[in-house]
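Welcome, and take a moment to look at the model below.

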Amino acid sequence: MGKVNWWLWTKMLVAGGGVIWGGPALVRYLQPTDEELFQKYNPELQKRSLERRYEREKEFDDFVVKLKEQAKSDKPIWILQAEEEKANATNMARQQKLAESLRLAEEVKARREAMRKEAGLPVDSGKQGK
């Protein structure tokens, strides 16, 4: 076997170490912190960000809680999330139908009251028995 070139190995180790440790160190040095970014926002964005902070934190906490519950199941998480989205879509469709029927009922009630006013009859304000 040939002679080992220790100078070459030393240069390669130093260069490799520089890339492996120096690259992330450079990124960490150049990357601004969250506070520095926040300070660069204009005042309106800072105010809006502070107002939504609690809401975002709550959404994230809810997501983590759901994820932990789903992780306890034997099914893969993506299947459980798809099932949950489907159930939520069904519930939303029900809520939309309910809201639509309530809106229609209000329209019918308003029409009925308008017709009573035109006919000169007393308007039923929903306070019967008082």
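Why does S49 count as buried?

## S49

S49 counts as buried because its relative accessibility is 14%, where buried means under 20% relative accessible area with a 1.4 Å probe and protein chains only. Leaving aside its neighbours within four places in sequence, S49 touches F38, Y41 and R56; a contact means heavy atoms within 4.5 Å.

The model is predicted, with local features needing pLDDT of at least 70 and side-chain atom pairs pLDDT 80 or more, while totals for chains, interfaces and linings use all residues. Residues are numbered from 1 along each chain as its sequence is written, and side-chain values use heavy atoms, leaving out hydrogens and water.

## Helix 3

S49 lies in helix 3, and helices here are DSSP runs (H or I, at least four residues) numbered from the N terminus. Helix 3 covers residues 43-71 and reaches 41 Å from first to last C-alpha, close to the expected 42 Å (1.5 Å times one less than its number of residues).

A kink of about 40 degrees is centred on R52; the bend is the angle between axes fitted to the seven residues ending there and the seven starting there. Buried residues of helix 3 are Q46, S49 and Q70, and the buried residues pack against helix 2 (34-40) and helix 4 (77-119).

## The largest pocket

Among the residues lining the largest pocket are F63, Q70, Q81 and N88. A pocket is an open set of points on a 1 Å grid over the protein atoms alone, where a 1.4 Å probe fits, with protein on both sides within 12 Å along at least five of seven lines; lining residues have an atom within 4 Å of a point. Helix 3 and helix 4 each supply at least two lining residues.

Key. Buried < 20%, exposed > 50% of the residue type's maximum accessible area, 1.4 Å probe, protein only.
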